[in-house]
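Student: Could you take me through one part of this model in close-up, with the cut-offs as you go? I would like to hear about a nonpolar surface patch and the aromatic pairs.

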Amino acid sequence: IGYLKSIGLDYGWGPTSCIEFLMEHIHVYAGTPWWATIILTAAVARVCLVRLFIASSDVVAKQRALMPVTEPITKEMRERLAAGDNEGVQRAKQKLNKIHDAAGIRPMMAFVGPLFQGVWGFCSFRLMQGMAALPVPGLETGGLAWIQDLTVPDPYFILPLTTATMMAITARSGGETGGMKGLNPAQEKLIYYIIPLIALACTSYMPACLQLSFLASSSFMFGQGRLLRTPSIRERLGISPLYNPP
């Protein structure tokens, strides 16, 4: 333990260092090859973040249920803003806040899970990019199947293609919280098509260790979304039921 830092992968005391600490402990104490270590690290991350996504899912469900009430106020707020009526904007905002307070909604909680997931993803990117650049001993032979060398990209683009597909499927079926529905056409185009295509373009030539990490995270994200869309699980976890407009 501490070997990765000793060979130059020293990220101080931030979240990247925490991921490094976790990954190294899994690799050493579980005795797993690097490909399995990467997947297990992504699994631990998902377990650590699941409570945040449960809270986000609850907020999203409540917000969707209140949309018939809040949408006219939101529309009014936009109109007042376009007209330069700051007082009108504030009045509309106060109405919205009262509705949220009465329903026990803290809107920012809807973004907490995705925010922490983004931080984890970025820090994992930093760490594994550094590991592949050295490369860390064993990483060049620590893969599986057609990707034995984890320091180079998947030669067949299977990992990035599968990751982009998983992202698109997850988004179309409700996202990580299970409740991402009711998007307008522009939002659907962005989330269902453009973001997965950007992800595909960005990850296609990354080292396979990163591609594998992204695929593992996307797969766990898909599974989490399916679970959070299941009514019995939502009830057991105390999450508000998903609202399906008539």
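Tutor: Ile 198 is found in helix H8, where a helix is a DSSP run of H or I with at least four residues, numbered from the N terminus. This is a predicted model, in which local features need pLDDT of at least 70 and side-chain atom pairs count only at pLDDT 80 or more, while totals for chains, interfaces and linings use all residues. Residues are numbered from 1 along each chain as its sequence is written, and side-chain values use heavy atoms, leaving out hydrogens and water.

With a relative accessible area of 46%, Ile 198 is partly exposed (buried is under 20%, exposed over 50%, partly exposed in between, with a 1.4 Å probe and protein chains only). Together with Leu 190, Tyr 193, Ile 194, Ile 195 and Leu 197, Ile 198 makes a nonpolar surface patch of about 540 Å². Such a patch takes residues with over 30% relative accessible area and no salt bridge, nonpolar side chains being joined within 5 Å; a salt bridge is a side-chain nitrogen of Lys or Arg within 4 Å of a carboxyl oxygen of Asp or Glu. Areas come from the Shrake-Rupley method with a 1.4 Å probe.

Now to the rings. Rings of Phe, Tyr and Trp (its six-membered ring) pair if their centres lie within 6.5 Å; planes under 30 degrees apart are stacked, over 60 edge-to-face, the rest tilted. The count comes to two aromatic pairs. Phe 157 and Tyr 205 have ring centres 5.6 Å apart and planes at 80 degrees, so they are edge-to-face. Tyr 205 is exposed at 65%. Tyr 192 and Tyr 193 also form an edge-to-face pair, because their planes stand at 75 degrees, with centres 6.5 Å apart. Tyr 192 is buried at 10% relative accessible area, whereas Tyr 193 is partly exposed at 48%.

Note on methods:
Patch = residues over 30% accessible without salt bridge, like charges linked within 9 Å, V, L, I, M, F, W, Y side chains within 5 Å. Helix = DSSP H or I, 4+ residues; strand = E, 2+ residues; numbered from the N terminus.
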